[in-house]
Amino acid sequence: MTYDLGKQNKDLLIKELIGTVNALLHKFQGEDDEEKQWLIQNSPNPAIAELMRDMTVSMLHVLSAIGKLEPVNGITISKQFGFSKGNVSKITRRLADKKIINFEYIPDNKKEVLFRTTSLGREINRLHEALHQKIDFGVHRFLQRYNEDELRFLVNAFHETLHASWIHTETNEETLELSQRELLTNEEPGMAMVSEEMNEVIEMLNKLNSRNLKKAKAILNDVFFSVYED
């Protein structure tokens, strides 16, 4: 009877946590508009502010990639930053039309195009970097309220999620060991594709006991859904 009650409680917590993660995705999507408003309001001149109204998140990220690696071609951007070649091509054309980047052709090789930021593009990158610094500072200050054990729990949970597969479940133990080794050695984890489908969270959550599920739910709600003042 105790076992059945524990399983029911765990299933209820899993269901609630999946709902919380789903709401979290919607929150992140909504924050794109908030970030764009910050960029518009803090633009150094009216021309930048006007461009910001028509910039997408993908455009800002491709522009940032060009600024970090210039001169750089589309294949390098695609490989290092995870953008598809088609998206890079489409976005760079839009950026060039707005005079944010320039195309540069290699002599005797008209097929390869290199991208460079214009002075306008560099201004936008500085503004975008300032936004990320503000966000990073806010997140760091907010997470200071948690003790070391709570932060370690979050780090472990996110690393396991990053490496887990709910399609090929037989590889989960393997990827869990990899994640734990990376945490112990402080190595930079490799980039991994994370599925957006919420039912994939279930397998990982099933590994947690009721106490840790409650802790995960409380931390997620507190970190991402609490209203606090700057």
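1. Not counting residues up to four places away in sequence, Thr-92 touches Val-62, Ile-66, Ile-101, Phe-103 and Phe-115, where contact means heavy atoms within 4.5 Å. Thr-92 is found in helix 5. At 2% relative accessibility, Thr-92 counts as buried (buried is under 20% relative accessible area, exposed over 50%, partly exposed in between, with a 1.4 Å probe and protein chains only). A polar atom of the Thr-92 side chain lies 2.7 Å from the backbone oxygen of Val-88.

2. The model is predicted: local features need pLDDT of at least 70 and side-chain atom pairs count only at pLDDT 80 or more, whereas totals for chains, interfaces and linings use all residues. Residues are numbered from 1 along each chain as its sequence is written, and side-chain values use heavy atoms, with hydrogens and water left out.

3. The protein has 10 helices and 3 strands, taken as DSSP runs numbered from the N terminus (helices H or I, at least four residues; strands E, at least two). Their order from the N terminus is α-α-α-β-α-α-β-β-α-α-α-α-α. Of the 230 residues, 32% count as buried. Among contacts with a separation of 6 or more, 67% link residues 24 or more positions apart.

4. In soluble globular proteins, nonpolar side chains tend to be buried together. Here the largest nonpolar core has 26 residues, and those with the most contacts inside it are Met-52, Met-55, Ile-77, Leu-95, Ile-100 and Ile-124. Such a core is a set of buried Ala, Val, Leu, Ile, Met, Phe, Trp, Tyr and Cys residues joined through side-chain atoms within 4.5 Å. Helix 1 (2–41), helix 2 (46–54), helix 3 (57–69), helix 5 (85–97), strand 3 (109–117) and helix 6 each supply at least two residues of this core. Helix 3 gives the largest share, 6 residues. Leaving aside neighbours within four places in sequence, Ile-77 is in contact with Ala-65, Ile-66, Val-72, Gly-82, Phe-83, Val-88 and Phe-115.

5. The buried residues of helix 3 include Met-59, Leu-60, Val-62, Leu-63 and Ile-66. The 13 residues of helix 3 should span 18 Å at 1.5 Å a residue, and its end C-alpha atoms are 19 Å apart, which agrees; the expected span is 1.5 Å times one less than the number of residues.

6. Helix 6 (residues 119–143) has 25 residues and reaches 36 Å from its first C-alpha to its last, close to the 36 Å expected. Among its buried residues are Gly-121, Ile-124, Leu-131 and Phe-142. His-128, also found in helix 6, is buried with a relative accessible area of 7%. Leaving aside neighbours within four places in sequence, His-128 is in contact with Leu-39, Leu-60, His-61 and Ser-64.

7. The 3 strands form an open sheet in the order 1-3-2, with antiparallel pairing. Strand 1 (72–73) and strand 2 are the edge strands, each pairing on one side only; two strands pair if DSSP finds at least two bridges between them. Strand 2 (residues 101–106) is joined to strand 3 by 6 bridges, and Tyr-105 stands opposite Val-113. These two strands form a hairpin with 2 residues between them, and Asp-108 in the turn has a positive phi of about 65 degrees. Strand 1 and strand 3 pair over 2 bridges, with Val-72 opposite Phe-115.

Conventions. A polar contact is a pair of N or O atoms within 3.5 Å; within protein, one must be able to donate a hydrogen and the other to accept it, and residues adjacent in sequence count only if both atoms are side-chain atoms.
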